[in-house]
Amino acid sequence: MTTTQTASSPIGSATLAEFTAGLRGSAVLPGEPGYDQARSIWNGAHDRHPAVIAQCAGVADVMRTVDLARSEGVPLAVRGGGHSIPGFSTIDGGILLDLSQMTGIEVNPDDRTVTAQAGCTWKDLDAETQQFGLAVTGGLVSSTGIAGFTTGGGIGWLMRKHGLACDNLIRADLVTADGQFVRASADENAELFWGLRGGGGNFGVVTSFEFQLHEVGPTVLSGLVFYPAQEAEQVLAGYRAACAAAPDELTTLVNLTTAPPVPFLPESVHGTRIIGVGGCWSGDPDAGEAATAPFRALGTVISDVFAANPYAGWQQALDPLWPRGIHNYFRSAFLPALDDRALRVLAESFATLPGPLAEIHLQHLGGAVGRVGAQDTAYALRDQEFIVNVIARTPDANGFEQATDWARGVTTALGPDARAYVNFTGESDPALVLASYPPQTHRRLVELKNRYDPTNLFRLNQNIVPTV
Ligand SMILES: Cc1cc2nc3c(=O)[nH]c(=O)nc-3n(C[C@H](O)[C@H](O)[C@H](O)COP(=O)(O)OP(=O)(O)OC[C@H]3O[C@@H](n4cnc5c(N)ncnc54)[C@H](O)[C@@H]3O)c2cc1C
């Protein structure tokens, strides 16, 4: 755990006082009431102490905060929903630009669009859009922020039908490193718009997003079916076959995990390794049972909790299993196909889970995700059929390092050259940034970075390093 306490502020007191007085939101300083809560992020592995936390109320506050960081030469962290696994949305001794108070949302039901400020979580957005029977692909845990999620790509339950979150982005408003307010869309600053859809927070602070929405729900056939750990190879092979025939309206995943003490699992399996196969059918309700059936007959069924759930409810169903404040590390590997070797590595790694909170997720991509051109967005790995997210979690620092090493080992075993996903990368490692983009995409991102952020003001992210 990082616990560096800064002794003195890198910003002069007169400058800080002037900055604070001009904010419409508030500035929280070390020692002030609320500081500890304001500085904490979701991942308890990162405990840092910013010199100032600027809780922005609007675009003007964001511009002022970016200007302060640039003019004072002080490192800057940007926080949307605060779910960064590597801890990019907090900082020791620098400025934390916190967007969490900017949660305005406006749905336009006629156009089926929504404009949402960058501090929104998926819970916020789903609540507003579902009021009109509409939705866009969001995260599997509703407390995740729309900002980091969308700028990194955005994998979720609706993706095979409606694409990634970034594929549904129509427009983003942002403040760039020079403090300018810029609009990016297909028609305005198109190259910047390309980079914002997969290039992460490298190019500015997005203040609001406009998304295309789709008719979804109000209920979706969704849930999990559980199989015994001993049947891992059989279940994974069956899953591969079922995915090959799955319609786009069905998005599924396999979770190689440990059974939590939940009422829908028999007590006899609580605390033992178990396979969960989850899914969400967002098509014609009458066709859902037939479409999901192959995924619900992959082995000896321990429990099947698929049901017609309200979409917004399903989006929150996993939240209790993802509490704030414990230690987390994610490590990803894209798989162009689930070949026999990868299948064996997954089954063997499952047998070595380093603790009851560690998990391996195998998510099926394809469908609408694969139909977007590799040049169309900075999220370019469109030919990858699956993604593996290896999750190391411990209640506190005890055993965290070993669990993290295990996660690294699993992805290395899957293939040392496997491609990575920026949103599922739990550390800051230039090699993993390179692994996240095809070479030509990375070169294009560097050119964009050179143009919009040549001094690398926005560096707390999966960093595209400028070359000017
Ligand atoms: C419990 C959990 C579940 C998850 N589930 C999924 C999932 O289903 N699918 C998926 O694809 N990912 C998932 N993720 C990963 C998630 O997408 C990333 O962690 C993402 O960065 C979180 O966004 P945030 O706004 O909450 O994060 P933050 O911690 O606020 O920010 C993360 C990064 O984004 C940058 N950023 C934040 N706001 C802005 C902004 N307004 N403008 C520019 N840059 C900004 C930050 O600087 C930082 O580099 C999950 C993560 C967690 C912890």
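## The open sheet

In what order do the five strands of the open sheet run? In this predicted model, the order is β5-β6-β10-β8-β9, with antiparallel pairing. At the edges sit β5 (105-108) and β9 (181-185), each of which pairs on one side only. From one strand to the next, the twist averages 15°.

Let's look at one end of that sheet. Four bridges join β5 to β6 (residues 113-117) in the antiparallel sense, and V107 has V114 of β6 as its bridge partner. Helix α4 lies across both β5 and β6, and runs at about 30° to β5.

The domain assignment divides the chain into domain 1 (14-98), domain 2 (105-216) and domain 3 (219-430). The C-alpha centres of domain 2 and domain 3 are 24 Å apart. Where these two domains meet, 32 residues of domain 2 are in contact with 28 residues of domain 3.

Four helices each supply at least two residues of the domain 2 side: α4 (122-130), α5 (146-152), α6 (159-162) and α7 (190-196). Here α4 turns up again, giving the largest share with five residues. Sorted by class, this side of domain 2 has 14 nonpolar, twelve polar and six charged residues.

Leaving aside residues up to four places away in sequence, I275 touches F226, Y227, A229, A232, V235, V254 and L256.

Note on methods. Residues numbered from 1 in each chain as written. Predicted model: local features only at pLDDT ≥ 70, side-chain atom pairs only at ≥ 80, totals over all residues. Contact = placed C-beta atoms within 7 Å. Domains from an automatic or database assignment. Nonpolar A, V, L, I, M, F, W, Y, C, P; charged D, E, K, R; others polar. Pairing = 2+ DSSP bridges. Axes fitted to C-alpha atoms, helices over the stretch in contact; angles between N-to-C directions.
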